[in-house]
Amino acid sequence: MLNDEQLELQQLARDFAEAELRPYTAIWDEQRSLDDSVFEKLAESGFLGMMIPEEHGGLGFELATYLTVLEELAWGDAAVALSVAIHNGPVAELVRRHGSDGQKSDWLPRMATGEVLGAFALSEPESGSDASSISTTAHFDGYEWVLDGTKRWVTNGARAGLVVVFARTDEDGLSAFLVPTDVAGYMAGDQEKTLGMRASETVSVRLNGVRLPADAQVGEAGQGLRYALEVLDLGRIGIAMQATGIGRAAIEHAAGYALERQQFGRPIARFGALQAKLADAAQRVAGGRALAFQAGAVWSRQAEHGGRRGLDGVTAQAAIAKLAASEAASFASDEAIQIFGGYGYMRHYPVERLLRDAKGTEIYEGTNEIMRRVIAGEILREAGDENF
Ligand SMILES: Cc1cc2nc3c(=O)[nH]c(=O)nc-3n(C[C@H](O)[C@H](O)[C@H](O)COP(=O)(O)OP(=O)(O)OC[C@H]3O[C@@H](n4cnc5c(N)ncnc54)[C@H](O)[C@@H]3O)c2cc1C
């Protein structure tokens, strides 16, 4: 249950989405980019500082409040929500959790105001689900770190001012680095031509002898993979909420259309077959939302007391939420197309875009096969097999 303050913020976010996102979402999809002005508006409204602590200039929202806002932004435009979720989620959380005092005071206030947008660069051309296999290297030459490698599909990768880069350090394993994008050797590639999330900036990043000061490494050497997976728990809960916003938008569009469209002398909303589609979609989307809030509650508890493992731990709960909510979004937008009939298949109507966007939520921040693997792994570990 949301409290009064959360309900007020939900309304604010809904009004923002209605006025600043909805009218432009089809245009942004077509032009394959977001307007710069939307980032200024997000910053003015504080949406880029939601998860940044107040002591660093952010709003320091409780997780449930942040998730509520994220759903509304995704309802307005899924690409905007993804950008906001990566910035506030894995990037800000990694700096907040593992950054030194200097790193926090250097980056978090600028992230909170929106002066700096964050990006998260883990995936590589040959390393996706198996993040432990990345080949980007970070070598310390006695004075500075030198990073070389290629990162793939980095959301916000060209617009960002800060990218968290995961790289293999000589003998330690993987480590995390805070890379300012104006450093020499950081090169963002062209926007990928994607199925959905077309307005979201998805680019390759080449790190060509990027030199960073000794204090650019975050936390302990060799802990990069652990840090990445830890903050991806939060990221996945955010993606679950992004998917929920997409699913809800699909249901609303379908319901509106079903009331207007007449066949056999009555609105198609009168046909039980279509009512069942709306009901099934609503049930699944509501389930995904509830699981995201549940995972969020576990995350908030775990942030204070530790304990990621087990089926009730945050890693499994985040995977369950992302799995359920992303599949719900795909289901709801697919059924919405069906309710629109032939018009649903046309680019002129919004529901085909929602299906394309929803599909992305089944892939990024860990595919749904990996979500199932994570969940099953925790079940089997609890059943006694320590290999998981
Ligand atoms: C729009 C978009 C934005 C993205 N943004 C970012 C970003 O900001 N930062 C970032 O680092 N990455 C980002 N990614 C990358 C994304 O996280 C990866 O695409 C995803 O983790 C899968 O990796 P892969 O594409 O290499 O697929 P692969 O790992 O090659 O997987 C291919 C197939 O094999 C399956 N598979 C792999 N391993 C297993 C297994 N053990 N068991 C069962 N099935 C398995 C997968 O589920 C999938 O179906 C983005 C991707 C997209 C599409």
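Mentor: Let us begin with a definition: a residue is buried if 20 or more other C-beta atoms lie within 10 Å of its own. Please keep in mind that this is a predicted model.

Trainee: What makes helix α10 largely enclosed by the rest of the structure?

Mentor: Helix α10 spans residues 351-361, and nine of its eleven residues are buried, so the helix is largely enclosed by the rest of the structure. Among the buried residues are Val351, Glu352, Arg353 and Leu354. The buried residues of α10 pack against α2 (25-31), α5 (78-98), α7 (224-260) and α9 (314-340).

Trainee: Why is leucine 355 called buried?

Mentor: Leucine 355 is found in helix α10. The cut-off is 20 or more, and leucine 355 has 22 C-beta neighbours inside 10 Å, so it counts as buried. Not counting residues up to four places away in sequence, leucine 355 touches Ser330, Ser333, Asp334 and Ile337.

Trainee: How do you know that methionine 111 is buried?

Mentor: Methionine 111 has its place in helix α6 (residues 101-113). Within 10 Å there are 26 other C-beta atoms, and therefore methionine 111 is buried.

Trainee: Which residues is methionine 111 in contact with, leaving aside its neighbours within four places in sequence?

Mentor: Methionine 111 is in contact with Leu48, Ile52, His87, Ala92, Val116 and Gly118. The chain also brings methionine 111 and glycine 49 to a C-alpha separation of 6.6 Å, although they are 62 residues apart along the chain.

Trainee: What is the phi of arginine 32?

Mentor: The phi of arginine 32 is near 60°, which is a positive value in a residue other than glycine. Most residues other than glycine have a negative phi. Methionine 197 likewise has a positive phi, near 50°. Methionine 197 is found in the loop between β6 (186-188) and β7 (202-213).

Trainee: Is methionine 197 buried or exposed?

Mentor: Methionine 197 has 27 C-beta neighbours inside 10 Å, and therefore it counts as buried.

Trainee: How do you know that β2 and β3 pair, and what joins β2 to β4?

Mentor: Pairing needs at least two bridges between the strands. Four bridges join strand β2 (residues 137-140) to β3, and these strands run antiparallel. Alanine 138 stands opposite leucine 147 in β3. Two bridges join β2 to strand β4 (residues 162-169), and this pair runs parallel. Threonine 137 stands opposite arginine 168 in β4.

Trainee: How many residues lie between β2 and β3 in their hairpin?

Mentor: The hairpin of β2 and β3 has three residues between the strands, and glycine 142 in the turn has a positive phi of about 105°.

Trainee: What joins β1 to β4, and which way do the residues of β1 point?

Mentor: Four bridges join β1 to β4, and the two strands run parallel. Alanine 119 stands opposite valine 163 in β4. Gly118 and Phe120 point one way from β1 and Ala119 and Ala121 the other way, and all are buried.

Trainee: Which members of the largest nonpolar core touch the most other members?

Mentor: Leu73 and Phe177 do so, in a core of 121 residues. Leaving aside neighbours within four places in sequence, the contacts of phenylalanine 177 include Ala138, Trp145 and Leu147.

Trainee: Which residues are closest to the ligand?

Mentor: The closest are Ser123, Gly128, Ser129, Thr367 and Glu369, and 22 residues surround the ligand. The residues of this shell divide into ten nonpolar, nine polar and three charged. The elements β1 (118-121), β3 (144-155) and α11 (368-382) each supply at least two residues of the shell. The shell also draws at least three residues from each of domain 2 (119-218) and domain 3 (224-382).

Definitions and conventions:
Residues numbered from 1 in each chain as written. Predicted model: local features only at pLDDT ≥ 70, side-chain atom pairs only at ≥ 80, totals over all residues. Near = placed C-beta within 6 Å. Nonpolar A, V, L, I, M, F, W, Y, C, P; charged D, E, K, R; others polar. Domains from an automatic or database assignment. Buried ≥ 20, exposed ≤ 12 C-beta atoms within 10 Å, placed from the backbone. Contact = placed C-beta atoms within 7 Å. Core = buried A, V, L, I, M, F, W, Y, C linked by C-beta atoms within 7 Å.
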